Amino acid sequence: MRPFFPSLAELNRKGVMGLNERNLRLVTELNPRHLMRLVNDKSITKNLAIAAGIPTPELVGTIRTSWDMRGLAEMLARPGGVAIKPANGSQGNGILVITDPVAGGYRLANGQRITFSDLRFHVMNIRSGMYSLGGLPDTALLEERVRFAEVFDDISFKGVPDIRIIVLKGVPIVAMLRLPTAVSDGKANLHKGGVGVGLDLTSGVSRLGMQYNGLIDQHPDTGNPLMGLKTPFWEEMLSMAAQAYDVTGLGYLGADIVIDADRGPLLLELNGRPGIAIQVANRFGLRAHIEPVLARDTSGMSVAERIAFGQEVYLSVHAPVSAS
Amino acid sequence: MLLTTHATRPTVTSELHSRILALGLILAGVFVFLHKAITLDYPIFPDETRTVWNLEILIEFAADNRPVRIESFLPAKSEERELVDEQFYSGPFGLRLDQEGENGNRKAIWTYRYPEGPKVLRYRTTLVEETRDTPLPPEMQRENRGGDVLFETSLERQAFLVWMSNLRRQSADKETLVDLMLQELFSTNLSDEVAALVRPLPPPLDRLELARMVLETQGVPARIANGVILDDARRRAETVSWLEYHLNGKDRRYFTLGNPSVFFPLWYGLDELVDADGVTELSTQLSLQPSRLAGGSGAASGLGNDDPLLSLFSFDKLPLTTQLVYQVLLTIPVGILILVFLRQFVGIQTLGTFMPVLIGIAFRETALLTGLLLFSLLIGLGLALRFYLERLKLLLVPRLAVVLVFIVLCMAVITTLTAESGVRIGLSISLFPMVILTMTIERMSIVWEEYDAAEAMKQGLGSLAVASLTYLAMTNSQVEYMMFNFPELLLVIMGLCLLMGRYMGMRLSELRRFRDLSRPE
């Protein structure tokens, strides 16, 4: 039975932290406000990543002005499909993924059809700031559509699984796999009912999962066990996440990575205020991972050294799991 | 505290800094508060509040298709005298205000060409009582050399001369002469001379007017005041008349009956309160009701004046209307404090950061139940429109504008409907903040689309719950009284907010969120 209120002592033993503590000790303390711009605006993040050699989905075009709108049809015609995103969006809101043109419009990733005028309206809404922080006018980004590798097909329902790695002062400390479900409408968004699965930081092997802050061990739609799947390109992903610290300077980061069938791991976006639900996915609080890293000066360490340090801390908290 | 964590904190400097600042603010606030409460003996509870009076003039009459003109005196306004919250209920009648009539009177003039059937006109205001110490206006305080009497007949002139010479013989100076004159005038047995002089007016105006004329001949400025005596709540108050004059550097008032301590003059001169043309069955009703004003305690203002530190903090010198504004304004931080607590410690989700407090302030105009009802109704209507507009595919800002216009329209309809049925929501709703409503609708519909109806309802209800709580706190008379008379408590609130700004523990909602993590494995 789920207790109505938990034991505070047990939460403290596991080092679970709340939003107040995250905001004060991590976001306010480690992420200077003027640097947040670098991750809030996805087009800036993308340029930084490209300059640092971190692979990202290719940019098809941006729409900032009504003049740019004239190029919309041409951009949408790109073979393989495109994803339309608000540059300053958050929590995956306002993202539309188009797979290919069909009669009278385009097909969306979830199989529905959308007319060109509906698409134009959506882009106009993005530009007028419907999805941006504070309702400021925004830019619409069009990126190549990522063709997802099939690794997680057994535990995904119609959509986009991605990997979130939390990086503290350049050290990857915890990671989780986010899986779309029927209720989340193909989005790997935990607020909308997506599934979060803890990943072993040393190997990328999946552990148990969570949905709506409750613990689960199989995917709610496919029924397949969540545990024991090996994430490919693991070392590469850790290194991409650790490098994201070097290019942005943000001490508390969430790196969101997807695996393309052809190109391998791609950095989708960076988050300067990553949430705390990852604690439930990992069945343990963040504090145990954070304290040793905060206590250490990581400024002189190389990417490889930081990854090794993060894994060392991880092993002091969790026992490793092996792929099934 | 219950929810503190045991983590080590690397941010010692900012932590310490904010704590010292918070402590300093709280100590300063508490020190001034205790100094006032204990040393200066300010009352902490609003027992000794100033009473204000709600006055209503109700004019009823029947009209039969003839042009109608109704004139009614209204309490005059001046710098010394503030009327709060004047309201006119004129129905279809045209209303004109005559601000500067003769004798310094103020008049409302209602007109209508072809009225039919029974009609009602109303005037309502809130006023502050006057006492014998209330000074007369400066033009009343100039004594002059006196003048000739304007009695028309020789008989009257003769009687006046006899009476005056008698009075002069029996008195020592002007003051005793006036006292004697008044005493004789209002005794039951009038001498022949006085009986001949009494004016052809309804009592007591007949004798008051004679007294006023006599005073004028003596160079004593005098006028007849008509008004109400404020002794207790009266559904039907009678108007009384009295004499006001200035003699030997003192303002004096002569009442024909009794010796009331608090009263309020409505108009000056010999006219009647209401003068109507073209109507039948005229009835005028004056009613009075005392109500307590939490702020501006007279006891507190008298004590603070000698202390230079405290006179800085005192609002008593401000005009009454400004005081009333501050009485509301000063309670808002209390609402904010509650909001901060509910967000940082409890973790209630609301639409927008300070939106609930703004809604709470709006409830002030409507009272809680009506406010909740109106708010839910308008939000419901607005959401329906918003979902309809979604089909039209409008740009963001014009769409917001359409919703806003719609809200104003809904308010107008509700106001007219309620005005017909006589319910008083009508006036209060006009101040209901429509921009807040519009933004709430937009946010709620986005949450509705991005998540689901349940989430939107949750946040909407959260907002209303917080709004209700802050409203109850902000309208509590003790809170109003304390904040108004002890504004130094703002420092304490600021300090508490600083302390809460460094709270790192779990929110109550998070304890529930992470409840599955607390099971030992």
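In which strand of chain B is B:Arg252 found? B:Arg252 is found in strand S11 of chain B, where helices (H or I, at least four residues) and strands (E, at least two) are DSSP runs numbered from the N terminus.

## Basis of the description

This is a predicted model, in which local features need pLDDT of at least 70 and side-chain atom pairs count only at pLDDT 80 or more, while totals for chains, interfaces and linings use all residues. Residues are numbered from 1 along each chain as its sequence is written, and chains are lettered from A and ligands numbered from 1 in the order in which they are written.

## The two chains

Chain A has 11 helices and 13 strands, and buried residues make up 47% of its 324 residues. A residue is called buried if 20 or more other C-beta atoms lie within 10 Å of its own, exposed if 12 or fewer, and partly exposed in between, with C-beta atoms placed from the backbone. In chain B, which has 18 helices and 14 strands, 29% of the 521 residues count as buried.

Contacts, meaning pairs of residues whose C-beta atoms, placed from the backbone, lie within 7 Å, can also be sorted by their separation in sequence. Among the contacts with a separation of 6 or more, residues 24 or more positions apart account for 62% in chain A and for 77% in chain B.

## Nonpolar cores

A nonpolar core is a set of buried Ala, Val, Leu, Ile, Met, Phe, Trp, Tyr and Cys residues joined through C-beta atoms within 7 Å. The largest such core holds 67 residues, of which A:Ile165, A:Val167, A:Ala244, A:Ala255 and A:Ile257 touch the most other members. Leaving aside residues up to four places away in sequence, A:Ala255 touches A:Ile165, A:Val167, A:Met240, A:Ala241, A:Ala244, A:Leu267 and A:Leu270. A second, separate core of 47 residues includes B:Val68, B:Phe73, B:Phe160 and B:Ile224.

Strand S7 (residues 162-168) of chain A runs antiparallel to S8(A), and seven bridges join them; two strands are taken to pair if DSSP finds at least two bridges between them. A:Leu168 stands opposite A:Val171 in S8(A), and the two strands form a hairpin with two residues between them, where A:Lys169 in the turn has a positive phi of about 50 degrees.

Strand S8 (residues 171-179) of chain A is mostly covered, since nine of its nine residues are buried. S8(A) also pairs in the antiparallel sense with strand S9 (residues 195-199) of chain A over five bridges, and the bridge partner of A:Leu177 in S9(A) is A:Val197.

## The five-stranded sheet of chain B

Chain B contains an open sheet of five strands in the order S7-S12-S8-S10-S11, with antiparallel pairing. Strand S7 (130-131) and strand S11 (250-255) of chain B stand at the edges, each with a single partner strand, so one side of each is left without a neighbour in the sheet. Within this sheet, strand S8 (residues 222-229) and strand S12 (residues 262-268) of chain B pair in the antiparallel sense over five bridges, and B:Ile229 stands opposite B:Phe263 in S12(B). Helix H5 (residues 205-217) of chain B lies across S8 and strand S10 (240-247) of chain B, running at about 145 degrees to S8(B); axes are lines fitted to C-alpha atoms, for helices over the stretch in contact, and angles run from 0 to 180 degrees between N-to-C directions.

B:Arg252, in strand S11 of chain B, is partly exposed, with 17 other C-beta atoms within 10 Å. Not counting residues up to four places away in sequence, B:Arg252 touches B:Tyr245, B:His246 and B:Leu247. The C-alpha atoms of B:Arg252 and B:Leu136 are separated by 8.7 Å, although these residues are 116 residues apart along the chain.

## Helix packing in chain B

Helix H10 (residues 355-366) and helix H11 (residues 368-392) of chain B pack at an angle of about 115 degrees, with their axes 7 Å apart. B:Ile359, B:Ala362, B:Phe363 and B:Thr366 in H10(B) meet B:Leu368, B:Thr370, B:Gly371, B:Leu374 and B:Phe375 in H11(B).

## Contact between the chains

In the model, 28 residues of chain B are in contact with 34 residues of chain A. On the side of chain B that touches chain A, helix H12 (396-420) and helix H18 (508-513) of chain B each supply at least two residues, and the largest share, four residues, comes from H18(B).

Definitions and conventions
Two residues are in contact if their C-beta atoms, placed from the backbone, lie within 7 Å.
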